Amino acid sequence: MGFFRVEKTVLKALILALALSAAPFFAAAEPFRVHRTNIISISSPFDRQSAEAGVNDAVAIMLPEDTIFIEGIEISIKVPQIVAEWRDSVAWSLYSGIQPQPAHTEIDYSGTRMQTGTFGESLSLNIKVPITKEHSIKEDAYSVLAQLVPAQEGGFLFLRLQLAMKGVPGSITKSQFTVSAHPILSKKGILSLDALPPEEGELKPLTVFLNGKQSELGKKSVIVPAGKHDISLVSDFYRNELRTVTVEQAKRTEVSVQLRDIKPIVRLIAPQETRMFFDETEYIAPAEQFYTTQGDHTVKFFVGDYEIVKTLSAANGRSYSISVNIDASITETE
């Protein structure tokens, strides 16, 4: 006789579970009441928060304002021992279109049940909930991959716990679940570029290449896969620049490049106090590098009474080092 009651109870639970699982196919809003609304507020993409919830409670997971790096939310639920022993006695459901906005003081809602399930005999359950169509979340042996539940207006997900079986002990209705939530992050980051002209004034035209392809980077920030990226800046007015940067997952990386004039750069290298002339301008070693004009230039070095004269054909976008080395040689003679 006891066996018959158990089988009958299991049958009732199965029928109720099937009814709950069929709800998404009707895609109709339903009114319902919860005992209490628990709020989990996630403040950043790296935040993890928890709340205690009882049977017939709701948990509203409030998302951060900036969800650009968030593909979904992973909900982890610790199941009381008594609920696991009474298999399938409690069900969980995810809703969309919830009205009104969840609050601690609200208990009456309406919404569309998107997905539902029970906890079986497990003491824990992980539910991965995609909130955007473009996601890379994969199903695994340790979690349930829910169907797409877009974050609702107001930026939240809504989870409901409810009794799914009649004739259960009172200890089940009094049991508490620990519900934790944290974002599932995309494997991407944001890259921005600030190109600074060599002098104050307007930035002259330049072309930016990202990993060998022409890019709008510099005009706007771009979303890129996490990892290393090559940035090339090409211009008729500035020297070409190349930078390799590492973009971290779910973070913003800003790159600042100080552009250099396209004029030829010259550096004169000679022993201390050497007199040097570049065209008609005199320099004393050591001298700082300087810009010059494109074309032919005459370079003279005076070391004591010793004079060295060279001609430099300078081209835009190039750098030149002109050096004098004074050395002594030793040879053996008879």
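How many nonpolar, polar and charged residues does the lining of the second largest pocket have, by class? The tour comes back to this after a few stops.

This is a predicted model, in which local features need pLDDT of at least 70 and side-chain atom pairs count only at pLDDT 80 or more, while totals for chains, interfaces and linings use all residues. Residues are numbered from 1 along each chain as its sequence is written, and side-chain values use heavy atoms, with hydrogens and water left out.

**The largest nonpolar core**

Select I61, I73, I75, F119, I127, F177 and V179, which have the most contacts inside the largest nonpolar core, a set of 38 residues. A nonpolar core is a set of buried Ala, Val, Leu, Ile, Met, Phe, Trp, Tyr and Cys residues joined through side-chain atoms within 4.5 Å, and buried means under 20% relative accessible area, with a 1.4 Å probe and protein chains only. Strands are DSSP runs of E with at least two residues, numbered from the N terminus; among those that each supply at least two residues of this core are strand 5 (70-78) and strand 11 (176-185). Now centre on F119, which touches I77, V79, V90, A91, W92, L125, L161 and F177, not counting residues up to four places away in sequence; here contact means heavy atoms within 4.5 Å.

**Strand 18 and its partner**

Move to a second, separate core of 16 residues, which includes L191, V255, V257 and L259. Next select strand 18 (residues 252-258), whose covered face holds T253, V255 and V257, whereas R252, E254, S256 and Q258 make up the uncovered one. Strand 18 pairs with strand 12 (residues 188-196) in the parallel sense over 7 bridges, where pairing requires that DSSP finds at least two bridges between two strands. Within this pair, L196 has Q258 as its bridge partner.

**The second largest pocket**

Finally, select L206, V208, L217, G218 and K219, the closest to the centre of the second largest pocket among the 13 residues that line it. On a 1 Å grid over the protein atoms alone, a pocket is an open set of points where a 1.4 Å probe fits, with protein on both sides within 12 Å along at least five of seven lines, and lining residues have an atom within 4 Å of a point. Strand 13 (207-210) and strand 14 (213-215) each supply at least two residues of this lining. To return to the opening question, the lining has 6 nonpolar, 4 polar and 3 charged residues.

Key:
Buried < 20%, exposed > 50% of the residue type's maximum accessible area, 1.4 Å probe, protein only. Helix = DSSP H or I, 4+ residues; strand = E, 2+ residues; numbered from the N terminus. Nonpolar A, V, L, I, M, F, W, Y, C, P; charged D, E, K, R; others polar.
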